[in-house]
Amino acid sequence: MENKLRLEIVTPHGLIYSEEVDEVTAHGSEGEFCVLPGHAPYVTTLKIGMLIAKTAKESKYFFVNWGYAEIAADKVLILADSAEKSEEIDVERAKEAMKRAEERIRKCEECDFHRAEASLERAATRIQISQMRIPK
Amino acid sequence: MPTLRDIKRRIKAVHSTSKITKAMKMVAASKFRKAQQRMFELRPYADRMGAVLSSLAGGAESEIHPLLAVRPRKNVDIIVLTSDRGLCGAFNSNILRAASKHISHLKKEEFEVNVSAIGRKAVDYFKRRNVPLKKSWTGISGRISYANAQEIAADIIEHYTNEATDEIILAYNEFKSVAAQKVVVTRLLPLASIEATAETLPVFNFIYEPSKEDIFNNLLPKNVEIQIFRALLESQASEEAARMSAMENATKAANDMINSLTLQFNKARQASITKELMDIVGGVEALKG
């Protein structure tokens, strides 16, 4: 029997993805990590970043916005605040958001700098991921 | 015997009532669809969140986070979740009846019970019965946002953490189907799953990153928020579904009433025509005589 990982990405807005994959790479709070079948039980928080799900045929890219990953018994469960497939990212919206965030950071004196920074990061990551749609 | 004009007026009144109930049904139906969609979207997340937590808590000591601490029960908080608006059948009375029963049951066991209410109907109900409310939230149903859940969760967590209360119970309507809601009385804190999972689930020795404390600090309050958010959405969908069927019934009843009134009207009309004819015939006979 071939070992596979069961990857599930769930957000409060629904189940985004649930498939058998060979390899999962994601951005944990302590850095990027990669999961292969037979991984030790592992729990981590996720940062804003890219998640890559690899199967023999293709690689799928996802945008993940804060969350948790639980890896146990060849099951990878991603609980994210929000997540999108790379092809579903709204690039126009991300660009808008990026502009707004940049504006806010520039003008910012006493405003919520962290929020602006986070939305800038989100937007930049979204744009970056949306360009990764190159079929392997 | 009511006069023709009286009956006609009543028919008109019932007809306009039925128009209103019909419109309310349509509105409820569209609100229901929205609420239902949000609820279905959240359900997998909430379920998985609960599962993750129980598998983690299975291998965790209760000292690691104040929200995991199980204390002997003395102070019990019960939160009752209803709608702000009425006209939704037995939706609110069901939940209030179940909650009252639960409260008196707890009181009999000599726990210190504090009641909080979400939704105007619950607030009014407990006020009428002179039950002091520890906390009340209104104006939430209809436009539920995650911030509402966060606000409520923050309050609950604070009370639990500073040991003002040892158990928090939430009573709400769970959505079963359009025709049926189920009253659910569930324990929010301490986490209900902990004892149950210790035997039933395999315990993994998780590697935690950044650390066990950080993960729990993150995950536990989030879980409370999600559970409350879920209850709010479930209740919202149930409310609109209940209103939909209540209005459907009201419209049907109005139509039945119109039918029977129309029958009555026609009978009265015929009777008056007959009477007039008899008068005329009687008059003619009299002239002939």
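Predicted model: local features only at pLDDT ≥ 70, side-chain atom pairs only at ≥ 80, totals over all residues.
Let me begin with chain A and its strand E1, which covers residues 5-11. Is this strand enclosed or open to the outside? Five of its seven residues are buried, so E1 of chain A is largely enclosed by the rest of the structure, and here a residue counts as buried if 20 or more other C-beta atoms lie within 10 Å of its own.

As for its partners, E1(A) pairs with strand E2 of chain A, residues 14-21, in the antiparallel sense and over seven bridges, and the two are joined by a hairpin of two residues. E1(A) also runs parallel to strand E8 of chain A, residues 75-85, to which five bridges join it.

Now to chain B, which has six helices and six strands, arranged from the N terminus on as α-β-α-β-α-β-α-β-β-α-β-α. How does its radius of gyration stand against that of a compact globule of 289 residues? Such a globule would come out near 19 Å, whereas chain B has 28 Å, and the C-alpha trace of chain B spans about 115 × 40 × 30 Å along its principal axes. Of the 289 residues of chain B, 34% count as buried. Finally, if we take the contacts in chain B between residues at least 6 apart in sequence, 78% of them join residues at least 24 apart.

Terms used
Residues numbered from 1 in each chain as written. Chains lettered and ligands numbered in written order. Buried ≥ 20, exposed ≤ 12 C-beta atoms within 10 Å, placed from the backbone. Helix = DSSP H or I, 4+ residues; strand = E, 2+ residues; numbered from the N terminus. Pairing = 2+ DSSP bridges. Rg over C-alpha atoms; globule rule 2.2 N^0.38 Å. Contact = placed C-beta atoms within 7 Å.
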